[in-house]
Amino acid sequence: MRRIHRTRRDWAADLGLMLFAACFAAASSDSIPIEENMDPVWLTVDQVIGGLGCATVLLRRRWPVALAVALLLAGSELSHYLTGPAMVALFTVAATRPGRATAWVAAVAFVPLPVFLWQLPEVSGDRKSSALTYFALIAGTIGWGLFRRSRQQLIASLRARAELAEVDAELRAERARREAREEIAREMHDVLGHRLTLLSLHAGALEFHTKAPREEIGKAAGVIRESARLALSDLREVIGVLRAGPAEDERPQPELADLARLVAEARTAGGRIELTGPPDGPAPPPVVGRTAYRIVQEALTNARKHAPGAAVTVRVSGGPADRLTVDVRNAPPPGAAADTGGGEGSHAEGGGQGLIGLAERARLAGGELSAGPAQGGFRVRAWLPWPAADTVSAQG
């Protein structure tokens, strides 16, 4: 047997409905048409059945459909005082049960209606008024139960939508946090990787050339000190962005024109780099210039890591209403045969995470990036959209 757990509120509602059924039976007793020659014993039995029917209201949560059908049938055959309990049972069915069950119970309730309408001319005035009132009450009870059910469904739907909206907001916030972390990770990788590879290169040179002239040692130590200072400065800027939030991120961002400075720093560290471009004329949009700068920065960092001493060629070309093309290629490292695939293996050992980040940067800027071995070395090639000046102004 299914156990029904009632809260205090449920018990209060059930007792209140039972009291309503009893009060309705008492209030309507004077208007119930009873035969004048009815035996007082049967009248007492009729009233007792009505009282028991009011008590059965407490069972409405466990067997609402069966209770409603039983009260309707008993009200038409056994007792005249079951209208109140039958209304409560009908309301429960309409408010809590599926539409098919409600329809079947309503059909049972209105089965006597065609017969009553057929005999309407022969029915006396009191019985006619009482019957019409009964059917009106039954119809109103079913309608009120259906309204209560639709209202509960609407409230449940709104609550479910609110919960889904809350979950969706949490997912969006988590996605925004993840994207912010990924952006910060890419920024730290691009900024600090360049500085730290310079540090590693000069520190390695000092380690293997302990008998170098004092001037060269002093020059290398100066580069190490300056690179460490710049790395700490960049780290403080990134951490400052983390603490301040995106609204206060006003630190200067690299542009395409800063490529010359970037290449000069790499040449100071001993790199053999040939730079062609950037093209003369108007500068590309900030996001395009910054993306191109990061691509070249990461490519030079990878060349120092995986092909130390190899010559690197950087070519940047393009113009407005066309596209900006960035091509960075390093020759095979010294001592490696051109057909050994050393460039591919060296880059593969690094995991390629930096290149994955660059590809994502290019995609977000609306462009594409490809990277892979080329003639024994390694090549990074990207193109970025460069809209015309009037288009940029219109979008701004």
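**Entry 1: helix H4**

I began with helix H4 and found that 13 of its 14 residues are buried, so that this helix is mostly covered. I note here that the model is a predicted one. From first C-alpha to last, H4 reaches 20 Å, close to the 20 Å expected at 1.5 Å a residue. The helix runs over residues 83-96, and Thr 83 lies in it. Leaving aside neighbours within four places in sequence, I found Thr 83 in contact with Phe 24 and Tyr 134.

**Entry 2: helix H5**

I turned next to H5, which covers residues 99-110 and has twelve residues. Its reach from first C-alpha to last is 16 Å, close to the 16 Å expected at 1.5 Å a residue. Which residues of H5 are buried? I listed Thr 102, Val 105, Ala 106 and Ala 109. They cover an arc of only 105° around the axis, which places them on the same side of H5. The general rule is that an α-helix has 3.6 residues a turn, so residues three or four places apart point the same way. On the face of H5 turned away from its buried side, I recorded the exposed residues Arg 100 and Trp 104.

**Entry 3: salt bridges**

I looked up the salt bridges and recorded a count of seven. In general, side chains of opposite charge can pair when their charged atoms come close.

I first inspected Arg 61, which forms a salt bridge with Asp 14, the closest N and O atoms being 3.0 Å apart. This pair links distant parts of the chain, 47 residues apart: Arg 61 is in the loop between helix H2 (40-55) and helix H3 (64-77), and Asp 14 is in helix H1 (residues 8-27). Asp 14 is buried, with a relative accessible area of 0%, whereas Arg 61 counts as partly exposed at 24% relative accessibility.

I then examined Asp 327 and Arg 379, whose side chains meet in a salt bridge at 2.5 Å, N to O. Asp 327 lies in strand E3 (residues 322-330) and Arg 379 in strand E5 (residues 377-386), so the pair ties together parts that are 52 residues apart in sequence. Asp 327 is buried, with a relative accessible area of 11%. Arg 379 is partly exposed, with a relative accessible area of 25%. I also noted a network in which Asp 14, Arg 60 and Arg 61 are joined by salt bridges that share partners.

A further pair is Arg 261 with Glu 265, where the closest N and O atoms are 3.4 Å apart. Arg 261 and Glu 265 are four residues apart in helix H9, which means that about one helical turn separates them. Arg 261 counts as partly exposed at 39% relative accessibility.

**Entry 4: H9 against H10**

I next asked how H9 and helix H10 (residues 286-306) are placed; their axes come within 10 Å and cross at roughly 10°. That makes H9 roughly parallel to H10. From H9, Leu 259, Arg 261, Leu 262 and Ala 266 meet Tyr 293, Val 296, Gln 297, Leu 300 and Arg 304 of H10.

I followed Leu 262, which is found in helix H9 (residues 259-268). At 0% relative accessibility, Leu 262 counts as buried. What does Leu 262 contact, leaving aside its neighbours within four places in sequence? I found His 194, Tyr 293, Val 296, Gln 297 and Leu 300. Leu 262 and Val 296 are 34 residues apart in sequence, and their C-alpha atoms are 8.7 Å apart in space.

**Entry 5: backbone details in loops**

I checked the peptide bond from Gly 277 to Pro 278 and recorded it as cis, with omega near 0°. Pro 278 lies in the loop between strand E1 (273-276) and H10.

I then looked at positive phi values. Ala 321 is not a glycine, yet it has a positive phi of about 60°. Ala 321 is found in the loop between strand E2 (312-318) and E3, and it is exposed, with a relative accessible area of 62%. Gln 375, a residue other than glycine, has a positive phi near 55°. Gln 375 lies in the loop between strand E4 (368-374) and E5, and it counts as exposed at 67% relative accessibility.

Terms used:
Residues are numbered from 1 along each chain as its sequence is written. This is a predicted model: local features need pLDDT of at least 70, side-chain atom pairs count only at pLDDT 80 or more; totals for chains, interfaces and linings use all residues. Side-chain values use heavy atoms; hydrogens and water are left out. Helices (H or I, at least four residues) and strands (E, at least two) are DSSP runs, numbered from the N terminus. Buried means under 20% relative accessible area, exposed over 50%, partly exposed in between (1.4 Å probe, protein chains only). Contact means heavy atoms within 4.5 Å. The expected span of a helix is 1.5 Å times one less than its number of residues. The arc is that of the directions from the helix axis to the C-beta atoms. A salt bridge is a side-chain nitrogen of Lys or Arg within 4 Å of a carboxyl oxygen of Asp or Glu. Axes are lines fitted to C-alpha atoms, for helices over the stretch in contact, and angles run from 0 to 180 degrees between N-to-C directions. Angles under 35 degrees count as roughly parallel, over 145 as roughly antiparallel, 65 to 115 as roughly perpendicular and the rest as oblique.
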